[in-house]
Amino acid sequence: MLYSSVISERFRHPRFFGDLDGADAVFEDVNPLCGDRVRIQLKLANGGIADARFKGDSCAICMASADLLAEMARGRAVDEALALGPDDLLTRLGATIRPSRITCVTLPLQVLKGALAAVGAAR
Amino acid sequence: MPVNVQRLGADFYAFSGHKMLGPTGVGVLYGRRAVLERLEPAWGGGEMIKEVWIDHAQWNDLPWRFEPGTPPIAPIVGLGAAVEYLSEVGMEAVGAHEQALCRLTLELLAKNDDVIIYGPRNPEIKGAVVAFNVRGLHPHDVAHLLDQEGIAVRAGHHCAMPLMRRLGVVGTVRASFSVHTIPGEIEFLTKALSNLNLML
């Protein structure tokens with residue numbers, strides 16, 4: 001096992017990979033160091049995130065992180081989603097990520113914040 | 001590759017220490033004397049002046065004119081040792097060794113259907129590097145997997161993002177060789193690559 005069973009599983013079979021028809025918020029960003037690219041699409045309702053999908057051209061860590069984040073963001077109030085941090089993801093990923101790869105974990109968080117900011121949902 | 005700057009007729013020739021067994025943070029900029037004599041110094045500092053008056057100064061002779069301030073003495077001594085070592089081995093021999101390793105790498109990698117090789121296939125027109133990708137895996141994951149096996153490669157866009165875009169990839173993995181690399185290590189690399197998909 002290279003990283004963790006969660007990362008392998010989410011990389012091979014992501015649950016929230018794809019497009020969201022009629023998304024309310026879309027944001028995409030890249031990590032200039034390694035070229036990871038993540039795009040997050042959100043459906044918003046009643047001050048919360050009703051649904052989330054991601055797309056990406058990225059490494060296994062980043063793919064797994066984005067997939068988990070989409071799962072964790074769904075059903076959360078915007079404020080709660082914005083409060084999600086690297087530790088929440090690292091706990092779920094269950095792997096020791098070395099410092100040089102930590103941006104692979106945090107890129108999806110940055111993109112989620114960007115998506116919420118783009119529609120004025122983030123204060 | 002042996003380099004003769006005079007035969008090349010180069011006005012300038014630059015190289016960095018860490019790419020030839022030397023320390024980081026040190027390199028050489030060769031300049032043809034006739035060109036250097038016409039150049040004004042870009043930086044001021046100790047040793048680049050001969051005499052100073054209140055309203056003007058006379059620059060020092062070459063090469064001090066272009067070496068102001070306290071130099072990184074230890075890295076320069078280290079680079080000197082690297083140059084001595086490589087000169088002893090002989091750059092012809094270094095080139096032949098690296099070319100043979102490059103040929104072997106290209107041969108062995110070509111046998112793996114999951115490996116996509118980039119760049120020329122003719123070792124005679126290549127440096128001692130081979131860039132590749134493994135189908136279905138991100139270059140950084142490949143690098144991490146190889147690292148677990150004790151193999152150091154570089155992964156990413158290699159400071160050439162437009163080229164990566166042109167190739168339609170996020171990046172590549174790059175194996176590079178030096179005088180210390182032996183054929184057994186290339187076989188080790190290619191064997192590790194054939195087991196990669198099972199590891200992630």
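**Exercise 1.** Find out which residues of α1(A) meet which residues of α2(A), then work out how the two helices cross.

*Solution.* Start with contact, which means heavy atoms within 4.5 Å. On the α1(A) side you'll find A:Val6, A:Ile7, A:Arg10 and A:Phe11; on the α2(A) side they meet A:Ala60, A:Ile61, A:Met63, A:Ala64, A:Asp67, A:Leu68 and A:Glu71.

Next, sort these residues: eight are nonpolar, none polar and three charged. (Ala, Val, Leu, Ile, Met, Phe, Trp, Tyr, Cys and Pro count as nonpolar, Asp, Glu, Lys and Arg as charged, and the others, Gly among them, as polar.)

Now the geometry. The axes of α1 (residues 5-12) and α2 (residues 60-73) of chain A come within 8 Å and cross at roughly 85°. That makes α1(A) roughly perpendicular to α2(A). (Angles under 35 degrees count as roughly parallel, over 145 as roughly antiparallel, 65 to 115 as roughly perpendicular and the rest as oblique.)

A word on the ground rules: this is a predicted model, where local features need pLDDT of at least 70, side-chain atom pairs count only at pLDDT 80 or more, and totals for chains, interfaces and linings use all residues. Residues are numbered from 1 along each chain as its sequence is written, chains are lettered from A and ligands numbered from 1 in the order in which they are written, and side-chain values use heavy atoms, leaving out hydrogens and water.

**Exercise 2.** Trace the open sheet of chain B and say which strands stand at its edges.

*Solution.* First, the order: four strands run β5-β6-β8-β7 with antiparallel pairing. (Two strands pair if DSSP finds at least two bridges between them.)

Then look at the edges. β5 (115-118) and β7 (154-156) of chain B each have a single partner strand, so one side of each lacks a neighbour in the sheet. From one strand to the next, the twist averages 30°.

Zoom in on one pair: four bridges join β5(B) to β6 (residues 129-134) of chain B, and B:Val115 stands opposite B:Val134.

**Exercise 3.** Classify the aromatic pair formed by A:Phe17 and A:Phe54, and decide whether each residue is buried or exposed, or something in between.

*Solution.* Check the rings: their centres are 5.3 Å apart and their planes at 90°, so the pair is edge-to-face. (Rings of Phe, Tyr and Trp, with its six-membered ring, pair if their centres lie within 6.5 Å; planes under 30 degrees apart count as stacked, over 60 as edge-to-face and the rest as tilted.)

Finally, accessibility: A:Phe17 is partly exposed at 37% relative accessible area, whereas A:Phe54 is buried at 1%. (Buried means under 20%, exposed over 50%, partly exposed in between, with a 1.4 Å probe and protein chains only.)

Definitions and conventions:
Axes fitted to C-alpha atoms, helices over the stretch in contact; angles between N-to-C directions.
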